[in-house]
Amino acid sequence: MTGNKYVLGVGIGGHDTAAALLKNGVLVAMGEQERFSRNKRAPQEPPVDAIHYCLNQAGITLDEVEAIAFGTDYKIKNHWKGVTEEELNRFPAHDDPDRLFPKDVFKYDKLPPITAIRHHLSHAASTFRVSGFERAAILIVDNQGEDNSTSLAMGKDGEIHIIENYGVPVSLGLYYRTAAQFSGVVGKLKEVGKFMGLAAYGKPIQKVPLAFRDDAPILEGLDDVPPMRNADMPPYRAKQMLNYFTEHCFPYTSGLKAEPMAYANFAASVQKSLEDTLMGMCTRLKELTNCEYLCLAGGVALNCSANGIIANSGLFKDIFVQPAAHDSGVALGAALELDWMLHARKPEFKMEHAYWGPSWSQEDINAALDRHGLKYQVLDEDTLAAEVAALLEAHKLVGWFQGRAEIGPRALGARSLLGNPTSRETLVRLNTIKSREMWRPLAPSVLEERFHEYFNGSHASPFMIVAATVKEEKRRYIPAVVHIDGTARPQAVSRKTNPRYWKLIHAFEQRTGIPIVVNTSFNVEAEPIVNTPDNAIRDFLATDLQVLAIGNALVVK
């Protein structure tokens, strides 16, 4: 064992499993299982490949890890659910060490000690401990932790204190997901962000049950849940919500997939009720903590429209949402919390970028291109930026595969599909490649120093996670990234944290006067973001992408 102290965090839930590795309190690597298995959101998958990646990235074995943290405490969760012994024996347990650390893969002598960290505490640590804030209010909102769905907390002097919890019967995550399912635009594990996109086309004029009353979220018009086993309560509650929507909300039919626009006013009403409730809880947090800063996490914290409302409310000086705010982020948070418990040290870094995933050498990339029989040029960084900028100016669609992969569900200039923002046709072409609905928006990547020239938002997010209004006088110049309501979810690109991507956008600005490119994730329908050169090349060859910039290699069809 070296003098370095490694703590491994593992997200072990039913989806979005992940791993994160700290070295002396500093993040070394983080991986999401879906990227390796190619199974979107990795339902029921132990994050074996993600763990293996993190250890390889650090050049260590499991024997060199000081301690392991799980991002959910399944003893508490199973007790709350009322899971029987027979049920526990019927299926592999999420927290089974043999399932998570198979000896034929990791070949360890003795498994490091394991500590289970509560789910919402893991979420809280994942955002507060990398925010750079010394003191902050913390809001965690998701579908469900062990036995609650929302937590109000405060971070101060290195400690995180949970102040209030709200139970699963008033789960905002369950409410929003069920509403999205009522509209027919998403399935059980699909990205509910498309429902947020649909909301912009409607008006919040329909009666929906969610409200914030007497310092708490409530669901008006739903009967109390009768006595039942807790495990059965979330689906019962979801059925109550679907019945309510069918009775009160146009078009009074659940899942009419052929006519999504019929649900636009419904989506707008649900989105508005969520925003109002989140603002109510933020106001409550402000009163309880008197903090000037706010940290957010949990799946609902990926709702960039709501984040924009909070950021621009003036309630807090600034907010922080880390890029993997959903369940994969608990791997990071659990590791950070356990490191604090063991060593009482604050993180020595602020998360300024999301590039903690795998990278590939140019030799690996060239070998992959050769295997596929592709002709390519290998260019220096400045020439690559200039050539790709010229191709973007000519309205070519570009696959951009560079450096270490992003964490989180949004591509941030490492595994991205890029286009020219000056034509609305770019949105149509990219959505066609990805088999996305045409009403779904695409995001802008903007040079950090030009952000406020184009957007009115108070928070220039590097993670594409806080919505902003596009300045009215600029909309005609970048129509491909302006949503129907005049908003966008911009990524502010820093020269410090992603110099190659910054150079590309800067080169595009020099040619066009526009410091923005269209950015969406590099993947096709129903697959995760590409992870390897072979993944990227296959998507490039299978679609109407015209350019592939992969490492220093440039391929043009």
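Predicted model: local features only at pLDDT ≥ 70, side-chain atom pairs only at ≥ 80, totals over all residues.
**Aromatic rings.** I looked up the ring pairs and found that the count comes to 15 aromatic pairs. I then followed the links between rings, and noted a cluster joined by ring pairs that takes in Tyr175, Tyr176, Phe182, Phe195, Tyr244, Phe245, Tyr263 and Phe266.

**Charges over rings.** Arginine 476 is placed over the face of tyrosine 477, where the distance to the ring centre is 5.0 Å.

**Second largest pocket.** I looked up the second largest pocket, which holds about 330 Å³ of space. Its lining has 18 residues, and those that lie nearest the centre are Lys350, Glu352, Glu448, Ala460 and Pro462. When I asked which element gives the most to this lining, I came to strand 12 (residues 318–321), with four residues. Sorted by class, the lining of this pocket has nine nonpolar, four polar and five charged residues.

**Cysteines.** How many disulfides does the structure hold? I found zero disulfides. Cysteine 282 cannot form one here because its sulfur is 11 Å from the closest cysteine sulfur, in cysteine 295, which is too far for a bond. Cysteine 291 is also in no disulfide, as the nearest cysteine sulfur, that of cysteine 295, is 9.1 Å away.

Technical notes:
Residues numbered from 1 in each chain as written. Heavy atoms only, no water. Phe/Tyr/Trp six-rings, centres within 6.5 Å; stacked < 30°, edge-to-face > 60°. Lys NZ or Arg CZ within 6 Å of the ring centre and 35° of its normal. 1 Å grid on protein atoms, 1.4 Å probe; cavity = no way out; pocket = protein on both sides within 12 Å on 5 of 7 lines; lining within 4 Å. Points joined across faces, edges and corners; volume = space filled by probe spheres on them. Helix = DSSP H or I, 4+ residues; strand = E, 2+ residues; numbered from the N terminus. Nonpolar A, V, L, I, M, F, W, Y, C, P; charged D, E, K, R; others polar. Disulfide = S-S within 2.5 Å.
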